[in-house]
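Here is a short note on this model, point by point. Please read it with the structure open.

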Amino acid sequence: NLYQGSRVAWLLKTGAWPEHGVDHRDGDSRNNRWRNLRAATSVENAHNRALSAKNTSRQTGVKFFKKIKKWGAEIMVNYRNIYLGVYERYEDAVAARKNAEKNYFGEFAPSASRENAA
């Protein structure tokens with residue numbers, strides 16, 4: 001394809017090409033309904049990307065440290081890793097990550113509805 005469907009949808013709705021890029025709120029690049037699209041820079045768009053296939057914790061930014069038998073949480077902001085702590089329980093590490101996503105990414109934090117679909 002010469003043009004991404006989301007960019008064409010943006011043009012048709014607004015009359016102008018998007019200044020940077022277009023993000024799909026629900027993470028489904030085939031869902032080009034207007035209510036699912038929003039203007040985004042490439043950095044903002046990356047905040048809610050799909051979980052890597054290499055991820056074994058089922059949560060971005062959460063990993064298990066075998067040596068100490070604890071869960072760690074981190075987040076990358078402005079190309080810098082921010083360590084959120086080490087936790088006994090997986091749920092606590094996930095909560096720390098989710099809280100940081102809301103704090104740092106705002107409306108571009110992965111949505112709860114998208115996580116439930118994964």
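1. Which element gives the most to the lining of the largest pocket? The helix α3 does, with 7 residues. Keep in mind that this is a predicted model.

2. The pocket itself comes next. The largest pocket holds about 960 Å³ of space. Its lining counts 32 residues. Nearest its centre lie Ala46, His47, Arg49, Thr60 and Arg97. These five are the ones to display when you centre the view on the pocket.

3. At least two residues each come from α2 (42–46), β3 (62–65), β4 (70–77), α3 (90–105) and α4 (112–117). By class, the lining has 15 nonpolar residues, 8 polar ones and 9 charged ones.

4. Now the sheet. It is open and has 3 strands, in the order β3-β4-β5, with antiparallel pairing. β3 and β5 are the edge strands, each pairing on one side only. On average, neighbouring strands of this sheet are turned by 30° against each other, direction ignored. As background, strands of a sheet pair through backbone hydrogen bonds, either parallel or antiparallel.

5. Take the β3 and β4 pairing. The two strands run antiparallel and are joined by 4 bridges. Val62 has Ala73 in β4 as its bridge partner. Both β3 and β4 also supply residues to the lining of the largest pocket.

6. On to β4 and β5. β5 covers residues 80–87 and pairs with β4 in the antiparallel sense, over 7 bridges. Val77 stands opposite Arg80 in β5. The two strands form a hairpin, with 2 residues between them. In the turn, Asn78 has a positive phi of about 50°.

7. Last, the salt bridges. The count comes to 9. One of them joins the side chains of Glu107 and Arg38, at 3.5 Å from N to O. This pair links distant parts of the chain, 69 residues apart. Glu107 sits in the loop between α3 and α4, and Arg38 in strand β2 (residues 37–40).

Conventions
Residues numbered from 1 in each chain as written. Predicted model: local features only at pLDDT ≥ 70, side-chain atom pairs only at ≥ 80, totals over all residues. Heavy atoms only, no water. 1 Å grid on protein atoms, 1.4 Å probe; cavity = no way out; pocket = protein on both sides within 12 Å on 5 of 7 lines; lining within 4 Å. Points joined across faces, edges and corners; volume = space filled by probe spheres on them. Nonpolar A, V, L, I, M, F, W, Y, C, P; charged D, E, K, R; others polar. Pairing = 2+ DSSP bridges. Axes fitted to C-alpha atoms, helices over the stretch in contact; angles between N-to-C directions. Salt bridge = Lys/Arg side-chain N within 4 Å of Asp/Glu carboxyl O.
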